[in-house]
Amino acid sequence: MSATATDTYLVEARHVKKYFPIRSGLLSRVVGNVKAVDDISFGIREGETFGLVGESGCGKSTLGRVMLNLKSATDGEVIFQGQNIHSANAREMQRLRQEMQIIFQDPMGSLNPRFLVSDLIGEPLKLHRRMSGAEIDERVVQLMELVGLDASRRNRYPHEFSGGQRQRIGIARALALEPKFIVADEAVSALDVSVQSQVLNLMMKLQKELGLTYLFIAHGLNVVRHISTRVGVMYLGKMVEVSPTDDLFAKPLHPYTKVLLSAIPTPGIKKERIILEGDVPSPANPPSGCRFHTRCPYVQDRCRSEEPLLRTVEGDRQVACHFPLI
Amino acid sequence: MTQNLLEVRNLTAGFETENGFVKATDRVSLSLAQGQTLCIVGESGSGKSVTSLAIMRLIDYAGGFIESGEVLFKGENIAGKKQQDMMRIRGSKMAMIFQDPMSALNPVFKVGEQIAESLRTHKKLGEKQAWAKAVDMLRLVGIPSPEMRAHQYPHEMSGGMCQRVVIAMALACDPELIIADEPTTALDVTVQAQILDLLAKLKRELKTSILLITHDMGVAAEIADRIAVMYAGAIVEEGTVDQVFHNPSHPYTVGLLRSIPGLDGERGGELYTIKGTIPSINDLPTGCRFNPRCPHVMDRCLREEPPLMPGKNGQRAACWLEELPKEGA
């Protein structure tokens with residue numbers, strides 16, 4: 001791994017692993033592990049949007065949560081501003097939490113239906129800041145205006161808002177404590193295209209104005225392309241490619257990236273599609289060698305036995321493949 | 001004039017609520033020729049699923065009903081048919097593929113059994129014949145080792161595999177019409193590519209007509225012959241894929257297409273947005289239903305509702321504009 005010394009990462013994962021034990025039998029003994037995140041190292045630079053893509057079950061959401069210490073890591077470190085958040089004690093973590101926030105996919109599931117919107121957005125302020133009720137209210141109004149919500153509706157319940165508006169509430173809440181780093185986990189995936197573009201515009205505007213750093217997890221590649229500075233591609237718990245967005249879309253290095261890009265149907269463009277054979281293997285029992293070798297159109301003998309490591313090729317690009325598509 | 005396989009005329013369907021009847025579809029007219037694929041695209045709440053349920057007459061089970069209009073299937077109006085008669089048509093002459101394959105399959109029956117059931121019911125096949133045909137169907141939709149897979153339960157299969165089973169089930173009795181409601185939405189892109197490929201193959205080989213409901217313009221462009229765009233319960237534009245995607249003539253279609261971030265060209269810039277939000281179907285604006293959000297709104301749009309009219313480019317659009325201003329925002 002050659003993360004260059006000149007890189008100043010706001011958040012960095014170093015050999016992060018997250019295994020979920022599989023228990024079975026009367027004594028529920030551990031019979032195996034689902035290796036959701038398996039030895040991943042990468043960094044997110046200050047002020048950038050790092051897009052994280054991959055199919056369901058590849059571990060991208062788990063990685064996002066481990067980056068915030070919402071899930072503990074089985075092994076490895078996550079360094080945020082020089083500090084390993086997985087060894088921080090509860091008090092330190094409480095301070096760190098103010099710097100890092102998350103926006104979830106389903107705005108209805110992540111907003112308590114029995115809270116008023118003003119309480120939902122104001123709750124982090126109540127917990128972390130010693131603010132009076134009037135101060136909180138003032139800040140809530142400010143935040144709602146910031147995300148384009150009508151602040152006069154702050155004393156209503158989430159069900160009175162549309163899907164796009166609810167996602168704005170989630171964003172306002174995430175911004176309440178002025179965080180530096182935000183994980184957006186499929187934040188626009190549940191939205192219709194016309195609403196999706198509004199929320200994306202908002203996220204880009206906020207990044208510019210507040211200097212935010214995003215980890216943008218999504219499976220919609222066109223959306224990731226639009227918003228990201230760099231993109232990481234995951235497959236079965238591994239990071240298989242990390243590249244600047246333009247490079248990745250112009251010339252994918254990893255065969256899986258290429259397949260993924262070829263699979264997206266786009267109105268107005270007829271292109272050749274690479275159809276993969278078979279299904280994604282189980283992360284509890286990943287294939288030997290390269291994890292993609294069972295489905296890779298360019299597989300060779302070496303791929304079956306030897307696991308390729310993520311290595312730097314061509315400047316700022318990294319790929320985990322013995323035979324990258326250069 | 002040759003007869004269309006499916007002809008929907010002025011279909012108004014909806015639900016009775018505390019506040020009276022709510023029209024989920026408003027005078028929808030569609031036609032689908034033999035062997036063709038028609039895609040209905042639109043955002044959530046546009047009425048595309050209700051349209052498909054109404055055509056299948058499954059809307060009766062969803063708490064709604066057809067208020068007026070005709071559904072001509074092979075020339076016969078099925079809008080008023082008894083459910084008992086519909087049962088003979090559904091599954092044999094017309095079949096449906098649903099969005100979520102996991103909930104469309106019964107978890108306690110083997111998948112082979114679930115396919116064989118419709119063959120026994122509709123084709124009156126015997127136990128053994130039906131099972132053999134079920135295995136054939138699994139092979140047709142590209143499931144490896146179908147003899148073994150037929151004995152498995154849905155939970156033993158992946159999402160993409162289950163969707164193949166659902167497609168096999170829909171195809172089992174050689175239906176002339178397949179209605180697929182968001183068949184790939186719950187699937188990952190690489191699996192979606194497999195399923196779209198399969199549908200295209202089936203269409204080619206079996207000449208089945210497909211009515212596909214989707215919110216994904218990319219999927220529609222990939223598989224459709226014709227496209228109908230729905231907005232707030234009505235069709236606002238209808239034409240061939242080329243016409244609708246390359247030369248859209250309704251401002252809503254234009255806005256929708258421009259809202260999607262592309263895979264080439266400029267990125268990172270501000271995305272186009274359609275101002276405002278989709279109106280509630282029980283509180284539609286007077287005149288054109290798109291007028292509060294339309295960048296080209298005129299006086300006439302506020303007063304009169306435009307019908308679907310043939311336009312210059314060959315498609316039909318529900319818009320009073322003679323010609324769309326270029327790149328107007």
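Q: Which residue is the bridge partner of Glu12(A) in E4(A)?
A: In this predicted model, the bridge partner of Glu12(A) in E4(A) is Ile79(A).

Q: What makes strand E1 (residues 9–24) of chain A and strand E4 (residues 75–80) of chain A count as paired?
A: Pairing needs at least two bridges between the strands, and these two strands are joined by five bridges in the antiparallel sense, so they count as a pair.

Q: Why are E4(A) and strand E5 (residues 83–84) of chain A called paired?
A: Two bridges join E4(A) to E5(A), which run antiparallel, and because the rule asks for at least two bridges, the pair qualifies. Phe80(A) stands opposite Gln83(A) in E5(A), and in the hairpin of these strands, which has two residues between them, Gln81(A) takes a positive phi near 50 degrees.

Q: Why are strands E2 and E5 of chain B said to stand at the edges?
A: The open sheet of four strands in chain B has the order E2-E1-E4-E5, with antiparallel pairing. Strand E2 (20–32) and strand E5 (76–77) each have a single partner strand, so one side of each is left without a neighbour in the sheet. Nine bridges join E2(B) to strand E1 (residues 6–17) of chain B, and among the residues concerned, Glu16(B) has Phe21(B) as its bridge partner.

Q: How many residues does each chain bring to the contact?
A: Chain B brings 37 residues and chain A brings 28 residues, and H8(B) gives the most to the side of chain B that touches chain A, with seven residues.

Technical notes. Residues are numbered from 1 along each chain as its sequence is written. Chains are lettered from A and ligands numbered from 1 in the order in which they are written. This is a predicted model: local features need pLDDT of at least 70, side-chain atom pairs count only at pLDDT 80 or more; totals for chains, interfaces and linings use all residues. Two residues are in contact if their C-beta atoms, placed from the backbone, lie within 7 Å.
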